[in-house]
Amino acid sequence: MQENLTANEVTDLKGIINGTTNFILTQMSETGAEFADALAEAQALGYAEADPSSDIDVWMLLGN
C-alpha cells in the first residue's frame, strides 16, 4: 500500500478479519452494542467458540 497508493490520501480501510470479529464489529457499529455483549451474542449464535481468544485477543491487546 505504501508504494502503490503514495499519491492517494487513504482515509478508510475496510475488510473482514474473520467471521467472529466481523460479527462483533458489525454489532458494535450498527447497534451500539458493547464489546462484551456482542461477543456473548456471537457465542450464543455459534459464531464464536466458547474460548474465542484466537479470534479476539488482538482486539483485547489494543484496548477495544
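Predicted model: local features only at pLDDT ≥ 70, side-chain atom pairs only at ≥ 80, totals over all residues.

Biologist: At what angle do the axes of α1 and α2 cross, and are the two helices parallel or oblique to each other?

Modeller: Two packed helices are described by the angle between their axes and the distance between the axes. Here the axes of α1 and α2 come within 9 Å and cross at roughly 130°.

Biologist: Which residues of α2 make the contact with α1?

Modeller: α1 passes α2 in a right-handed crossing. From α1, the contact is made by Phe 23, Ile 24, Gln 27 and Met 28. The residues of the contact divide into seven nonpolar, one polar and one charged. Those contributed by α2 are Phe 35, Ala 38, Leu 39, Glu 41 and Ala 42.

Biologist: Is Ala 40 buried or partly exposed?

Modeller: Ala 40 is found in helix α2, which spans residues 35–44. Its relative accessible area is 41%. Buried would require under 20%, and exposed over 50%, so Ala 40 is partly exposed.

Biologist: With the side chain of which residue does the side chain of Asn 18 make a polar contact?

Modeller: Asn 18 lies in the segment before α1 and is buried, with a relative accessible area of 18%. A polar atom of its side chain lies 3.1 Å from the backbone nitrogen of Thr 20. The side-chain partner, at 3.5 Å, is Asp 55.

Notes:
Residues numbered from 1 in each chain as written. Heavy atoms only, no water. Helix = DSSP H or I, 4+ residues; strand = E, 2+ residues; numbered from the N terminus. Buried < 20%, exposed > 50% of the residue type's maximum accessible area, 1.4 Å probe, protein only. Polar contact = N/O pair within 3.5 Å; in protein donor to acceptor, adjacent residues only side chain to side chain. Axes fitted to C-alpha atoms, helices over the stretch in contact; angles between N-to-C directions. Left-handed = near helix turned anticlockwise from the far one by under 90°. Contact = heavy atoms within 4.5 Å. Nonpolar A, V, L, I, M, F, W, Y, C, P; charged D, E, K, R; others polar.
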